[in-house]
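Reader: I have a structure to read and some questions about it. Please show it first.

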Amino acid sequence: MKDFNEQELRYLELLSQSFPTIADASTEIINLQAILNLPKGTEHFLADLHGEYDAFQHVLRNASGNIKRKVNELFGNELREVEKKELCTLIYYPEMKLKQIKSTEPDITDWYHITLHKLIRVCRDVSSKYTRSKVRKSLPSEFSYIIQELLHERTDDANKAAYINAIIHSIISTNRADDFIITIADVIHRLAIDQLHILGDVYDRGAGAHLILDTLQHYHNWDIQWGNHDILWMGAHAGNAACVCNVVRIGLRYSNLASLEEGYGINLLPLATFAMEYYKDDPCTEFIPRDNGNKEMDEKVRRLTAQMHKAISIIQFKMESQLIMKHPEWNMDDRLVLHNIDYKKGTIRLEGKEYQLSSNVFPTIDPSHPEQLISEEATLINKLCHSFVISEKLTRHIRLLLSHGCLYNITNNNLLYHASVPLNEDGTLKEVSLYGGYKYSGKMLLHKTGMLIRSAFQPDSDPAERDYAKDYFMYLWCGKDSSLFDKSKMATFERYFIPDKETHNEEKGHYFKLRDKEEVADRIMDAFGVPGPNRHIINGHVPVHVNDGENPIKANGKLMVIDGGFAQAYHSETGIAGYTLVYHSRGLQLVQHEPFTNAADAVERGTDIKSTIQIVELSSHRMLVADTDKGRELSKQVESLNQLLYAYRHGIIKERESKSE
């Protein structure tokens, strides 16, 4: 007879409360073993969304082409290409497509009958890799019973054909067909992707970051690895004035204030009033905003935006200088740019060389103390910080990022992080100092940094650590050894004020120089404890320049960079509109996307995001749940339940009354 130690017995006693009889434990073992033999669920990887809500929504709705692929497989030559395109568009945008169809379709009842059967076939296919229980939980209560009946009964069964047709006829005759189509399309979206991984940078540049997070708030299964732009907004919400300035400046630079004003209720009127007073005679040429698709901006608005842009930039440089002087351990004295200006000559000295400034208009700077705010600036930044701290919606979204995110994730033999793992020149892991002077590298560095970030939002954390964490958001944004930046400097000032482009160069850290090497990728994965022979690093942060022939697959297939320029501002630079990665039961596929127009165009003309699929890795066998992290956990549960059965059968633990009785 097997002996159990005290700890094992205590665990089995706890387990017996959930499975009080042999029958209960046996049933659960049968259920778990069945789940282990289902195909692996589809994982979807996105990076660097940068507020592009429409493109994000479309990629979610078409599952990076996965739904289109299934429609082609299911209907083959049964449907013409135009009919398959119509069906896909209906699944992507049911409300909009229904409105269009009903305005042109002469026999809508017949169309409903045919279309409902098609949608049920698609839904049946995407649900086939899940248990009935999981599918049932994903269904809205309103149509749950009907959808279950339709999914698990087949029209080729003569005894059931009349039953199914009667259900469909009733849906149509009771005028519920539109609601049912919208519901089943949503179910298809949900079941097409089992888990969504976002590798950072939801925020900045595009207008819809708040809308993306509203969507994620109700999404069924997702995680995020924070990016540098996410950290910037987290810092702003924590009350870091330098982060607040950067967030506002970027919004003004890309002439995009929708997330700030409409999304989070940030009041920019005090900034406008201040800018009009202090920069009224300054052309602010360097601060003319990028159009970012906004061709309707008139000259007055453009000029005011440029004035606000310059005003917040100068305050930003002051606030950054104050933090750099407060934290000499960051070794960022070279970024005290305001201290290197000769305000009489209009020049600046950097790295021993003097450069002419494009503008020498600094009405709020005291040359003897350039980091100090004038009283009006201090009042303004206090108001802005207060707006970021008290915004209810921003509070909700930052909590969402904290609850679903961290700086890295290891899932199914893949290591996910946004930007980099700091390295030395020889490719070894670099030690970086954090709060208290403690040095960490690799996995521990990212873990401890993540813990430090969280302490900024914990009221019960040590006050000194909380204050340091609040300051540290700026270092994470632009510090040389930050895993979210990893460059020699952030040349914001230089790009605005110095025409000589040699000063604009931001030298990338050793990680970006060495990430093509397989041994470096292996060293990083070893340090993080990533298991398995077919393991990968997946990250984003730096757009892949397809126009220049750059390949997103690096290190002999062990590292993938899936930032292809989701943001509209990058399209001309990268030549594409982003990558997504799909990991399904048959392997890894990298999907390269062309720019997306809009949902209305997709509905009207049936356009889809044009995508090119590149097979990264095919599995020799169809991967099952048993081959995943979840499967390994379920196998451990089966092992524990078998031990419980042994304990029951040998009288070590007594059976109780079953909960099901």
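Reader: Is F317 buried or exposed?

Author: The model is a predicted one, in which local features need pLDDT of at least 70, side-chain atom pairs count only at pLDDT 80 or more, and totals for chains, interfaces and linings use all residues. Residues are numbered from 1 along each chain as its sequence is written, and side-chain values use heavy atoms, with hydrogens and water left out. Buried means under 20% relative accessible area, exposed over 50% and partly exposed in between, with a 1.4 Å probe and protein chains only. F317 has a relative accessible area of 4%, so F317 is buried.

Reader: Which kind of pair do the rings of F317 and F493 form?

Author: Rings of Phe, Tyr and Trp (its six-membered ring) pair if their centres lie within 6.5 Å; planes under 30 degrees apart count as stacked, over 60 as edge-to-face and the rest as tilted. The structure holds 24 aromatic pairs. In the pair of F317 and F493 the centres are 5.3 Å apart and the planes are at 70°, so the pair is edge-to-face.

Reader: How many residues apart in sequence are the parts that this pair of F317 and F493 ties together?

Author: Helices (H or I, at least four residues) and strands (E, at least two) are DSSP runs, numbered from the N terminus. F317 lies in helix α17 (residues 299-326) and F493 in helix α22 (residues 492-497), so the parts tied together are apart in sequence by 176 residues.

Reader: Which kind of pair do W330 and Y475 form?

Author: W330 and Y475 are both buried. Their ring centres are 5.6 Å apart and their planes at 50°, so the pair is tilted.

Reader: Which residue has its ring under the charged end of K40?

Author: A charge sits over a ring if NZ of Lys or CZ of Arg is within 6 Å of the ring centre and within 35 degrees of the ring normal. K310 lies over the face of F362, at 5.6 Å from the ring centre. For K40, the charged end is 4.0 Å from the centre of the ring of Y583.

Reader: How many disulfides does a search of the whole structure find?

Author: A disulfide is a pair of cysteine sulfur atoms within 2.5 Å. C123 is in no disulfide, as the nearest cysteine sulfur, that of C88, is 14 Å away. The sulfur of C245 is 7.0 Å from the closest cysteine sulfur, in C385, which is too far for a bond. The number of disulfides found is zero.
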